[in-house]
Every structure is written in structure tokens, then in C-alpha cells.
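Trainee: I've got a new model to look at, and I'd like to learn how to read its features. Could you walk me through it?

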Amino acid sequence: MTSTTVFVSGANGFIAQHIVKQLLAKGYTVIGSVRSHEKGEQLKQLINNDQFSYEIVSSLTDKDAFVDVLKKHPEITIFLHAASPVSFSVEDIENDLLKPAIEGTTNALNAIKEYGPQIKKVVLTASAVNIFGFGPHFDADQVYSEDVWNPITYEESLANGFFGYLGSKKYAELAARDFVAKEKVNFDISFVNPPYVFGPQAYAVKDKANLNLSNEVVNSVVKLTKGDSIPAEGSVFVDVRDVARAHIVAFENDAAASQRLFTASSRYTLDTIANIINKKFPDTTVPKGDESRNEEIYKSIHKFDNAKTNKILGFEYITLEESVSDIVDQIYNV
Ligand code: NDP
């Protein structure tokens, strides 16, 4: 029996590596895309599994970006699009953030429509920033759910790198929705919309000094020493292993078709993260957090209700304590 073949774009990314790992553990064959031969070889070595292979897709904005992969691999029946720029500091917001995210999505969907008629399920790694409003659009009284859209306009997203990232994710999801509404397609599409994603790296950690952007939130606390003050900040988090699992539910469970999977575990503050580190690693130099100020900090963090998603997912989220412990364990001990 041949196994189902799943394609994962941006397979070397933090979240995508977990998706690949879980897919392989479930017996799927996986083809991942990376931007260069060097990155592909590194990833192949890390993953070390014959059911994994890679193809090079060097530019998401190339109209034919995914055409060759799909022509070469008619066995692909599931397409997960995770590749997108993840940065708040770029030189050119439109060319470095918005275009690769939006055009990358439509180029993938066009290629699937033209060259992958056998593809039945598509999953887009979207974001909770497509739901949450920030800056002038943050509403402390709103309970953010799957039905809400971040009101940021395309023009507003050109104002700075952070807004640019928000716009890149929102307008990529909208472009995908627009595409399936207008074109005659053979596939179901679903969306995974996580907030800040924390958790250990799926395989070996290359550079402990600089983790991927979202894990740097935890790493920034790890880097504090006694006497440093902890910034009064927080947000909403989910563990990377749950995000990867949600991508698999997104195509395995028909109830997820056309849905947003708003995978969110809980709110956090940096004080709570500092205290989890102190509890689990008593020799740490990280200062103790002051959780008496959590309620105050929570006033500027989104309230959310993702019951609809949780019903489709059917699993409990990994807690902040477990997620932070596993990251810090990897930083201190591996
Ligand atoms: P990573 O930075 O680890 O991975 C991003 C992946 O996208 C890498 O494979 C990267 O390739 C690829 N990529 C980035 N820019 C381009 C580009 N211009 N052209 C081609 N490929 C590109 O980030 P994450 O794993 O955290 O993010 C994966 C997805 O999850 C993204 O869509 C992101 O928006 C989304 N997401 C992430 C969250 C988080 O907190 N981490 C929260 C919500 C959504 P290369 O290695 O070559 O740069």
C-alpha cells in the first residue's frame, strides 16, 4: 500500500518542521519545499527519514513558483502552505512581507488549480493576527472569535514592519478566500490561525542565541539576569505541537473544511514565564516575576473564545507551563 503524499511549503520553518515530524509519524509521505539546495540537505539530515524528500521553490512571488513541483509529483493529494515571511523588521514592507505572503498564496492556489487536480485538501497557515486588532484597532471589550477580522487596511499595513506582518497575513487569507470563491476548484481549503507559537524545536537546535521570532519572547526572558526588570508585557500563546496537530486535523477532519482553526491556548505575561522558569530550573539567573500585576497587563491583551475550533480539534491544548519548560529545557540542556 502506498501512503498518502503531503506537500509542505517552507518545510524548514519552526512550525513546518513539527508538521513534517507529525505527518511522518502518522505514516504519510512528505515532500517539503525549501529555498535552496543547502537548506534542503540540512533539513534532510535533521529529519533522517526516507519518507521525506524536498524540492526547491526559490521565490514565492514567481508566478510559476509551485508549477514544477506539482508537475513532477502527481502523487501529492494534500497541500499545506506554511511558507511566508515572519519578521517585523524588513527594509521594504510591500516587497519583503506583503507580496511574498499574498502572491505566494495565490501562486500556490493557481498552480494547484492548473497542475494538481488530484489535490483534494489545502491548508493555509494563517494567523490569529487576522482576527485580533492591534494599536488603534485593539478593543479591550471585544471577545475575539473565529468570526472576527482584524480591521487593518492594506494602506495601514504599510506604516511599519509590525503592521506589515499583520497585513501580510490578513490579506493572504483574504486572497485565498477570494480565490476559492471565484475559481472553480477541486479542493477544500481550511485555515490555521495561531497566536504566538511557543515550544521546542522539532529537531536539533541550530542557534540557541536566536530562536525563531515567536520563541524569542521566551528566550528574551531566559536572557534576563537577576536585577534586570521584566517588561510588563504579554499576549496569547499556543504550543507549536498543537499547531502542527491542527494542520493535520484541518485536512483529516471534514468538519474543518472552509473553517478557521483559531488554535489558542491561553494568555500569558512575561512575569508568568519567568516564574515557570524559576520553578522548573531553580539554578536559573532569570529574575522572579511579579504576577500580582498580571490582571493589569491582561487589560491590554485580547480576550478570546475559540470554542468552535476546539470542538473540531477534539484535543486539549498544551499548557504554558509545559511549553515554556520544554523550550527552556532545550535551551539549557541540549
Ligand atoms: P519560520 O520563520 O521558522 O518559517 C518561515 C518559513 O517560510 C521558512 O521556511 C522560510 O524559509 C519561509 N519563507 C519566509 N519568507 C519567505 C519568502 N519570501 N520566500 C519563500 N519562503 C519564505 O516561521 P514560523 O514557523 O514561525 O512560521 C510559519 C508560518 O506560520 C508562517 O506562515 C507564519 O506567518 C505563521 N505563523 C507563525 C506564528 C508564530 O508565532 N511563529 C503565529 C501565527 C502564524 P527560509 O528558512 O528560507 O527563510
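Mentor: Let's begin with burial: buried means under 20% relative accessible area, exposed over 50%, and partly exposed in between, using a 1.4 Å probe and protein chains only. Helices (H or I, at least four residues) and strands (E, at least two) are DSSP runs, numbered from the N terminus. Keep in mind that this is a predicted model, where local features need pLDDT of at least 70 and side-chain atom pairs count only at pLDDT 80 or more, while totals for chains, interfaces and linings use all residues. Residues are numbered from 1 along each chain as its sequence is written, and side-chain values use heavy atoms, with hydrogens and water left out.

Trainee: Okay, how many residues of α1 are buried?

Mentor: In α1, 10 of the 12 residues are buried, so that helix is mostly covered. Among them are Phe 14, Ile 15, His 18 and Leu 24.

Trainee: And what span does α1 reach from its first C-alpha to its last?

Mentor: The expected span of a helix is 1.5 Å times one less than its number of residues. Helix α1 (residues 14-25) reaches 17 Å, close to the 16 Å expected. Just after α1, Gly 27 takes a positive phi of about 95°.

Trainee: Zooming out, what radius of gyration does the protein chain have?

Mentor: That radius is taken over C-alpha atoms, and the globule rule is 2.2 Å times the number of residues to the power 0.38. For 334 residues the rule puts a compact globule near 20 Å, and the protein chain agrees at 20 Å. The C-alpha trace spans about 60 × 45 × 40 Å along its principal axes. The protein chain has 11 helices and 12 strands, and buried residues make up 55% of its 334 residues.

Trainee: What share of the contacts joins residues at least 24 apart?

Mentor: Contact means heavy atoms within 4.5 Å. Among contacts between residues at least 6 apart in sequence, 74% join residues at least 24 apart.

Trainee: Now the rings. How many aromatic pairs are there?

Mentor: Rings of Phe, Tyr and Trp (its six-membered ring) pair if their centres lie within 6.5 Å; planes under 30 degrees apart count as stacked, over 60 as edge-to-face and the rest as tilted. By that rule the count is 18 aromatic pairs. Take Phe 66 and Phe 79, which are edge-to-face at 5.6 Å centre to centre with 75° between the planes. This pair links distant parts of the chain, 13 residues apart: Phe 66 lies in the loop between β3 (52-56) and α3 (67-72), and Phe 79 in strand β4 (residues 76-81). Phe 66 is buried, with a relative accessible area of 0%, and Phe 79 is buried at 0%.

Trainee: Which class does the pair of Phe 162 and Phe 163 fall into, stacked or tilted?

Mentor: Tilted: the centres are 6.2 Å apart, with 45° between the planes. Phe 162 has 26% relative accessibility, so it counts as partly exposed, while Phe 163 is buried at 18%. Ring pairs link both into a cluster with residues including Phe 88, Tyr 144 and Phe 304.

Trainee: Which ring does the charged end of Arg 267 sit over?

Mentor: A charge sits over a ring if NZ of Lys or CZ of Arg is within 6 Å of the ring centre and within 35 degrees of the ring normal. The charged end of Arg 267 sits over Tyr 298, 4.5 Å from the ring centre. Likewise, Lys 21 has its charged end over the ring of Tyr 203, 5.1 Å from the centre.
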